[in-house]
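Please look over the sequence and the model shown here. The paragraphs below lead through one region after another.

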Amino acid sequence: MADYFKKKHLIEFGEGKFGEDAPDYWKNFMNYYGNVMAEGELTTREKALIALAVAHAEACPYCIDAYTSTCLEEGCDQDQIAEAIHVAAAMKAGITLVHGLQSKELSDKLTN
C-alpha cells in the first residue's frame with residue numbers, strides 16, 4: 001500500500017499540483033472547498049471533526065493525515081478525535097445494516 005498512498009501526494013495536492021492539467025476546474029474546486037470549510041454556521045473546528053469522521057468512513061489516508069493535523073490545530077484532543085471516528089463507524093455500521101432490509105425483502109419475496 002505504501003506505493004499507492006504517498007505522503008508526498010498529500011503535499012503536492014496542497015500545493016495545487018493536480019491543478020496543473022485543468023487549472024480552471026482546480027481553481028473552482030479550491031474556491032468551493034475553501035468557502036465550505038470556512039467559519040459559517042459551524043465552526044472550523046466542528047467542520048474539521050466532520051471531515052475527519054468522513055475521512056475514516058471513506059478510508060482516505062490522505063484525508064485522515066490532513067484532518068488529524070487540522071483537528072489538533074483547531075484544539076481538539078485525542079478523546080474528541082476518537083469520538084468523531086466512533087460516530088463515523090457507528091453510522092457506517094447502521095447504514096450497512098439498514099441496507100440489509102433490501103436483501104431481506106427480496107429474499108422473503110423469492111422464498112415465500
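What follows concerns a pocket, a surface patch and a salt bridge.

The model is predicted: local features need pLDDT of at least 70, side-chain atom pairs count only at pLDDT 80 or more, and totals for chains, interfaces and linings use all residues. Residues are numbered from 1 along each chain as its sequence is written, and side-chain values use heavy atoms, without hydrogens and water.

The largest pocket has a volume of about 540 Å³, the space filled by probe spheres set on grid points joined across faces, edges and corners. Of its 21 lining residues, Leu10, Phe13, Gly14, Tyr33 and Cys63 are the closest to its centre. On a 1 Å grid over the protein atoms alone, a pocket is an open set of points where a 1.4 Å probe fits, with protein on both sides within 12 Å along at least five of seven lines; lining residues have an atom within 4 Å of a point. Domain 1 (1-38) and domain 2 (44-111) both contribute to this lining, so the pocket lies between them; the bounds come from an automatic or database domain assignment.

Helix α2 (23-37) gives the largest share of the lining, seven residues. Helices are DSSP runs (H or I, at least four residues), numbered from the N terminus. Tyr33 lies in α2.

A search of the whole structure finds three salt bridges, each a side-chain nitrogen of Lys or Arg within 4 Å of a carboxyl oxygen of Asp or Glu. In one of them, Asp65 meets Lys7 at 2.8 Å, N to O. Asp65 lies in α4 and Lys7 in α1, so the pair ties together parts 58 residues apart in sequence.

A nonpolar patch on the surface includes Phe13 and Tyr33, and its largest share, five residues, comes from α2. Such patches join nonpolar side chains (Val, Leu, Ile, Met, Phe, Trp, Tyr) within 5 Å, from residues with over 30% relative accessible area and no salt bridge; accessible areas come from the Shrake-Rupley method with a 1.4 Å probe, and for residues only the protein chains shown count as cover.

Terms used: Helices (H or I, at least four residues) and strands (E, at least two) are DSSP runs, numbered from the N terminus. Patches are made of residues with over 30% relative accessible area and no salt bridge: like charges are joined within 9 Å, nonpolar side chains (Val, Leu, Ile, Met, Phe, Trp, Tyr) within 5 Å.
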